[in-house]
Amino acid sequence: MPAIWIQEETLTEKLLEDVGHYMRIEGDISSVYFISEGSEGDYVEHNKQFLQEFLIERNKFPIYLTFIPYDDQIEEYKSFLDKNDCSYTLTHLEENRTYYTLFQKHQYHPPCFTVEIEESKKLRVVMEETFWLPAQNEFYAISYANNLSFSLKSMKEWGRKRDRSVPIFEVDTDSTFITIFHDGAGFYLFSNEKDFASVESLSLNLPKGTVIDQINDTLINNEDTKN
């Protein structure tokens with residue numbers, strides 16, 4: 001049984017800077033939670049598996065999964081998605097990135113895939129192939145609506161200003177979306193749905209067998225958690 005930690009969060013500008021990638025939200029979000037199985041051992045795999053089970057048990061589709069791979073992986077991911085009969089869009093962000101090889105400087109606009117997923121089997125297949133990207137701190141998000149866009153903004157990083165393509169989520173009264181934390185060590189759930197209006201309602205919508213070890217700063221007696 002997975003054992004998780006839930007942290008209730010307050011939606012602030014600082015939080016939007018700390019969730020893994022700075023982002024913006026257009027509209028109001030009523031609930032934000034950080035959910036994690038921890039950051040020890042094979043934590044990326046554990047957090048991926050828990051997120052998969054959470055999405056699959058909820059059984060709400062379509063799901064829109066957005067990820068940004070490296071420039072030299074475009075054809076690889078197009079081939080993978082085509083082979084698995086996945087509907088997707090590919091765009092290139094305005095941001096200009098640079099990398100260096102031994103003798104040459106390379107610049108490119110990051111590729112961004114958004115995959116429309118209609119069933120649990122394809123969700124597993126796509127996540128198994130792509131979840132290593134957020135573990136490398138590349139952008140990765142899951143939404144129940146096709147409500148994500150990017151806008152070029154000047155951001156201060158390490159004391160210098162850089163132009164970055166900032167993800168923007170447009171939300172309404174029934175919105176729920178998820179972003180992955182640094183190094184794949186958990187995820188943030190943003191929602192306006194009643195299923196996630198409180199920790200209690202969130203707990204009732206977790207996969208069967210989930211054990212909650214901690215809520216905020218309070219350790220939980222496992223006998224009180226969901227069986």
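Predicted model: local features only at pLDDT ≥ 70, side-chain atom pairs only at ≥ 80, totals over all residues.
Local features were taken at pLDDT of at least 70 and side-chain atom pairs at pLDDT 80 or more, while totals for chains, interfaces and linings use all residues. Residues are numbered from 1 along each chain as its sequence is written, and side-chain values use heavy atoms, without hydrogens or water.

Three strands form an open sheet in the order E2-E11-E10, with mixed pairing. Strands are DSSP runs of E with at least two residues, helices are runs of H or I with at least four, and both are numbered from the N terminus. Two strands pair if DSSP finds at least two bridges between them. Strands E2 (24-26) and E10 (148-157) are the edges, each pairing on one side only. Neighbouring strands of this sheet are turned by 30 degrees against each other on average, direction ignored; the axes are lines fitted to C-alpha atoms, and angles run from 0 to 180 degrees between N-to-C directions. E2 and strand E11 (residues 160-170) run parallel and are joined by three bridges. Ile25 stands opposite Phe169 in E11.

The largest pocket has a volume of about 790 Å³. A pocket is an open set of points on a 1 Å grid over the protein atoms alone, where a 1.4 Å probe fits, with protein on both sides within 12 Å along at least five of seven lines; lining residues have an atom within 4 Å of a point. The volume is the space filled by probe spheres set on the points, which are joined across faces, edges and corners. Of the 25 lining residues, His21, Glu95, Arg97, Glu157 and Arg164 are the closest to the pocket centre. Strand E6 (97-100), E10 and E11 each give two or more residues to the lining. E11 gives the most, with five.

Gln52 lies in helix H2 (residues 43-58). Gln52 is buried, at a relative accessible area of 2% (buried is under 20%, exposed over 50%, partly exposed in between; 1.4 Å probe, protein chains only). Leaving aside neighbours within four places in sequence, Gln52 is in contact with Arg124, Met127 and Glu128 (heavy atoms within 4.5 Å).

Most peptide bonds are trans, and most residues other than glycine have a negative phi. The Phe61 to Pro62 bond is cis, with omega near 5 degrees. Pro62 lies in the loop between H2 and strand E4 (63-67). Asp85, not a glycine, has a positive phi of about 55 degrees. Asp85 is exposed, with a relative accessible area of 59%.
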